[in-house]
Amino acid sequence: MRQVTVLGSCGAFPEPGRACSGFAVDWNGYRVVLDLGYATLPRLLRHWPDGAVDAVVITHEHPDHCVDLHGLFRMRFYGQPAGPRLPLFCPPGVLDRLSGLEPDVDLRTVFDLHPLPGSYRVGPFDLTGLSLPHFVPNAGIRLVADGIVVAYSGDTGPTPALAELGRDADLFIVEATDHDGESGRSRRNLMTSTEAGLWARRAGARRLMLTHFWPGNDRAAAVAAAQAEFEGAVLAAQEGLAVMLGIPAN
Ligand SMILES: [Zn+2]
């Protein structure tokens with residue numbers, strides 16, 4: 001099985017019944033989770049009942065992307081204290097945030113830390129973390145296995161690096177925060193759904209999945225705005241949505 005399952009699709013804070021950023025990537029039994037924002041951990045446990053993930057990737061230190069990593073830490077620390085360390089790929093600020101919640105414990109007893117940006121071999125994947133513009137260091141993630149590319153922006157402003165990150169991606173997961181007034185700011189750290197479509201087109205991606213919707217946004221309108229820029233399939237991330245990877249378009 002090769003698929004991406006959406007754990008959460010909201011930016012900033014969750015809507016009722018939803019969660020913040022998180023994606024579970026299954027690749028023939030190898031399990032990678034991309035981001036663990038508010039309320040994603042119970043959904044991760046529903047998807048992988050024992051929480052047995054092979055690697056965790058966190059794009060940046062904001063809590064809507066990493067706070068439930070703390071819950072996963074506690075599962076490992078209290079529930080599986082003798083287990084192997086879990087590979088964690090993230091900018092250094094992520095562990096600093098978690099340390100504030102768990103000041104008396106060395107988090108590296110649970111996590112085997114690999115800093116981003118950087119490039120690594122992770123199970124079947126070549127993982128590349130590229131620096132993208134945000135309020136804090138943010139690493140966009142590119143995973144390649146068997147020539148199939150999955151890419152994920154985390155949070156970002158518009159930048160040519162997005163075309164590199166999502167180059168020829170089978171699935172390009174791009175933030176479409178659509179926060180009021182965002183496109184008028186002098187320094188851009190978030191995007192509109194129109195910009196998400198534009199950068200997916202410039203990347204030559206096959207499919208675009210919009211995510212990180214500001215709570216209350218009209219998601220159908222976001223898809224329509226992205227479709228005006230991008231000719232491939234446009235999906236809206238939705239909790240529980242599973243997208244198969246590497247299958248021919250129909
Ligand atoms: Zn965010």
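Okay, let's start with a tryptophan: Trp214 has 25% relative accessibility, so Trp214 counts as partly exposed. Keep in mind that this is a predicted model.

Who is Trp214 paired with? Its partner is Phe13: the two ring centres sit 6.2 Å apart and the planes meet at 80 degrees, so we call the pair edge-to-face. Follow the chain and you'll see that this pair links distant parts, 201 residues apart. Phe13 is in the loop between strand 1 and strand 2, while Trp214 is in the loop between strand 12 and helix 7. Phe13 is partly exposed too, with 42% relative accessibility.

There are eight aromatic pairs in total by the rule we use. Have a look at Phe73, Phe77, Tyr78 and Phe111 as well, because ring pairs link them into a cluster. And over at Trp199, Arg202 lies over the face of the ring, 4.8 Å from its centre.

Now, the metal. Which residues coordinate the zinc ion? They are Asp64, His65, Asp155 and His212, at 2.1 to 2.2 Å. The two histidines, His65 and His212, each use NE2, and the aspartates use OD. Angles among the four donor atoms run from 88 to 165 degrees, and the site is irregular.

Along the sequence, the donors follow the spacing D-H-x89-D-x56-H. His65 lies in helix 2 and Asp155 in the loop between strand 10 and helix 5, so this pair ties together parts 90 residues apart in sequence. Buried or exposed, those two? Both His65 and Asp155 are buried.

Technical notes
Residues are numbered from 1 along each chain as its sequence is written. This is a predicted model: local features need pLDDT of at least 70, side-chain atom pairs count only at pLDDT 80 or more; totals for chains, interfaces and linings use all residues. Side-chain values use heavy atoms; hydrogens and water are left out. Donors are N, O and S atoms within 2.8 Å of the metal (3.2 Å for Na, K and Ca); water is not among the atoms, so sites may look incomplete. Four donors count as tetrahedral if all angles lie between 85 and 135 degrees; four count as square planar and six as octahedral if opposite donors are over 155 degrees apart and all others between 65 and 115; anything else is irregular. Helices (H or I, at least four residues) and strands (E, at least two) are DSSP runs, numbered from the N terminus. Buried means under 20% relative accessible area, exposed over 50%, partly exposed in between (1.4 Å probe, protein chains only). Rings of Phe, Tyr and Trp (its six-membered ring) pair if their centres lie within 6.5 Å; planes under 30 degrees apart count as stacked, over 60 as edge-to-face and the rest as tilted. A charge sits over a ring if NZ of Lys or CZ of Arg is within 6 Å of the ring centre and within 35 degrees of the ring normal.
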